[in-house]
Amino acid sequence: MPGRGRCPDCGSTELVEDSHYSQSQLVCSDCGCVITEGVLTTTFSDEGNLREVTYSRSTGENEQVSRSQQRGLRRVRDLCRVLQLPPTFEDTAVAYYQQAYRHSGIRAARLQKKEVLVGCCVLITCRQHNWPLTMGAICTLLYADLDVFSSTYMQIVKLLGLDVPSLCLAELVKTYCSSFKLFQASPSVPAKYVEDKEKMLSRTMQLVELANETWLVTGRHPLPIITAATFLAWQSLQPADRLSCSLARFCKLANVDLPYPASSRLQELLAVLLRMAEQLAWLRVLRLDKRSVVKHIGDLLQHRQSLVRSAFRDGTAESPKRICPVPPVSTVTGDENISDSEIEQYLRTPQEVRDFQRAQAARQAATSVPNPP
């Protein structure tokens, strides 16, 4: 508004008059900062003495939303709209952000942590509504460090006392695999590498369930396991053309990042598949290795339940058992005679020596007395 100056917070000239409880206030329309406020009189004596009391002093409601918090709230709403989340999700995420910002530790945190807080509130909301969204996807959108994001996420959950369920593995597989650029031909993806989406999702889900049944998922980040399972599913559908493709090249073709532990998870899945193949006589004679077993993944998954029970019925794992060392056999029984020289080494003082000599003399005298008739 011309002639009224600029906002002291954001420097905007868009100042408007706003009525609040019939009191005129000058407010910045860009950031919401109250520039000037109307006056109220609290008592008749104040009116009689012509003492004016401002509205904020009369009510104590002088708290204003800081620019940092306003920027964070806008980013929460923008992120929800980018992800096309329902309006109820947006309201919940905004409420979590406001609750977290009331804590002094969050207000005094670095700017990087406040930026990450935006994604944490959105991710918590999605997890509570079982909406398939990964932490990695949020970090990619916010250009945030994964370690900083995960630590802030755990801090907010604990700080607000929230109950956040774990993400459904099946929904995560569908969401993550749908982002792979392998379902239609393009200049960067040869025709022999293009795969049907439904077939690939179905087989990937079976491999992830197999990994879950063989304790490869518990306590681990799910994305490396899903990446390895997707790679094996993709190879097994057309092994003749795809066995020569490495995991790193596969991720490059699919336009996804290669998680660091994915190679280890791949080797663990292959070890499980080899162990299952040993239970089938017609596969045992082929002497499969980690490369050739990929050709028979379809057959192994078809009889997954029975093969897993047969392969792991003894409860052993792929890693070798820790053998408890056998303690050495002791030949000491405690009934051995103790020599006088050994006894004397414990007698340190002259008094102990004299006591020992007297005891020996008394023992000899007792044995030398003849038995009475």
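Nine salt bridges turn up in this predicted model, if you count a salt bridge as a side-chain nitrogen of Lys or Arg within 4 Å of a carboxyl oxygen of Asp or Glu. Before we look at some of them, here is a bit of housekeeping. Residues are numbered from 1 along each chain as its sequence is written, and side-chain values use heavy atoms, with hydrogens and water left out. Since the model is predicted, local features need pLDDT of at least 70 and side-chain atom pairs count only at pLDDT 80 or more, while totals for chains, interfaces and linings use all residues.

**How confident is the model?**

The score to know is pLDDT, the predictor's confidence in each residue, from 0 to 100. Its mean over the protein chain is 79, and 78% of the residues reach 70 or more. Residues 39-44 have a pLDDT below 50, and this stretch has 15 contacts in the model beyond near neighbours in sequence; a contact means heavy atoms within 4.5 Å. Residues 315-323 are also below 50, with five contacts beyond near neighbours in sequence.

| Pair | N to O distance |
|---|---|
| Arg75 and Glu115 | 2.8 Å |
| Glu90 and Arg81 | 3.4 Å |
| Arg304 and Glu213 | 3.2 Å |

Take Arg75 and Glu115, whose side chains meet in a salt bridge. This pair links distant parts of the chain: Arg75 is in helix H3 (residues 67-82) and Glu115 is in helix H6 (residues 111-128), 40 residues apart. Helices here are DSSP runs (H or I) of at least four residues, numbered from the N terminus. For accessibility, buried means under 20% relative accessible area, exposed means over 50%, and partly exposed is in between, using a 1.4 Å probe and protein chains only. Arg75 comes out as partly exposed at 32%, and Glu115 is partly exposed at 26%.

Arg304 counts as buried at 11% relative accessibility, whereas Glu213 is partly exposed at 32%.

**Two loop residues with positive phi**

Now for the backbone. Gln84 has a phi near 55 degrees, a positive value in a residue other than glycine. You'll find Gln84 in the loop between H3 and helix H4 (87-101), where its relative accessible area of 68% makes it exposed. Trp215 is another non-glycine residue with a positive phi, near 65 degrees. Trp215 sits in the loop between H10 and helix H11 (222-237), and it is exposed too, with a relative accessible area of 65%.

Leaving out residues up to four places away in sequence, Ala229 touches Thr204, Leu207, Val208 and Leu269. As for Glu209, it is 20 residues from Ala229 along the chain, and their C-alpha atoms are separated by 9.7 Å.
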